[in-house]
Amino acid sequence: MKLITFDPDITDRLSTHYKDIIRILGEDPEREGLKKSPDRIAKAMQFMLQGYNQDPVAELQSAMFLEEDYKQMVIVKDIDFFSLCEHHILPFFGKVHVAYIPRKYITGLSKIPRVVDIFSRRLQIQERLTLQIKECIQQTLNPLGVMVIIEAQHLCMQMRGVQKQNSLTTTSDFTGSFQQAKTREEFMNLIK
């Protein structure tokens, strides 16, 4: 992830709101341990949601190569990600596995994790995140097929609500060649 600079105006506006939230919840935002918390939270939120200011298509296009005649599966697996659930603004995190079969273009391998980061650094749900990564790669590279699998833990399920600490949510989506069971099985075997 690229380093971001924090807009002082946005930081000040967010900080004011977080100070109010701390007060409304019954704490003293002026006590020693909380004095700098509103600014810290404001900067943390800007960092965790920086994906709104980044273009995943431009990221992929910045390293698209036409010359390669490679028609087999390209897999980038175990991509760590962190996101915020849009329902409770609590983290969910885990691993993303991505495969594509080039038709004409390949992209730099680091671009796939960057696409994951851009979409995950937005208020999200896991199902949409899976779909957005798949669609971005499919529309930008126009491969023979794309498959995305996400395995994640959701703190909204672990810290509150149902409180199931060991639950894992898995989502998948695919296009093109991955509609064939044999191709999906090959991908599943290669990511194990």
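Reader: What are the ground rules for the model and its numbering?
Author: The model is predicted, so local features need pLDDT of at least 70 and side-chain atom pairs count only at pLDDT 80 or more, while totals for chains, interfaces and linings use all residues. Residues are numbered from 1 along each chain as its sequence is written, and side-chain values use heavy atoms, with hydrogens and water left out.

Reader: Why are α1 and α2 called oblique?
Author: The axes of α1 (residues 8–24) and α2 (residues 37–48) come within 8 Å and cross at roughly 125°, where axes are lines fitted to C-alpha atoms, for helices over the stretch in contact, and angles run from 0 to 180 degrees between N-to-C directions. Angles under 35 degrees count as roughly parallel, over 145 as roughly antiparallel, 65 to 115 as roughly perpendicular and the rest as oblique; α1 and α2 are therefore oblique to each other.

Reader: Which residues of α1 and α2 meet?
Author: Taking contact as heavy atoms within 4.5 Å, the residues of α1 that meet α2 include I10, L14, Y18 and I22, and their counterparts in α2 include P38, I41, A42 and M45.

Reader: What makes α4 mostly covered?
Author: A residue is buried under 20% relative accessible area, exposed over 50% and partly exposed in between, with a 1.4 Å probe and protein chains only. In α4 (residues 111–120), 8 of its 10 residues are buried, among them K111, D117 and F119. The buried residues of α4 pack against several elements, including α3 (56–61), β2 (74–85) and α5 (126–141). For the whole chain of 192 residues, 42% count as buried.

Reader: How do you know that β2 and β5 pair, and where does β5 lie in the sheet?
Author: Two strands pair if DSSP finds at least two bridges between them, and 2 bridges join β2 to β5, which run parallel. The open sheet has 5 strands in the order β5-β2-β3-β6-β7, with mixed pairing, and β5 is an edge strand, as is β7 (169–174), each pairing on one side only.

Terms used: Helices (H or I, at least four residues) and strands (E, at least two) are DSSP runs, numbered from the N terminus.
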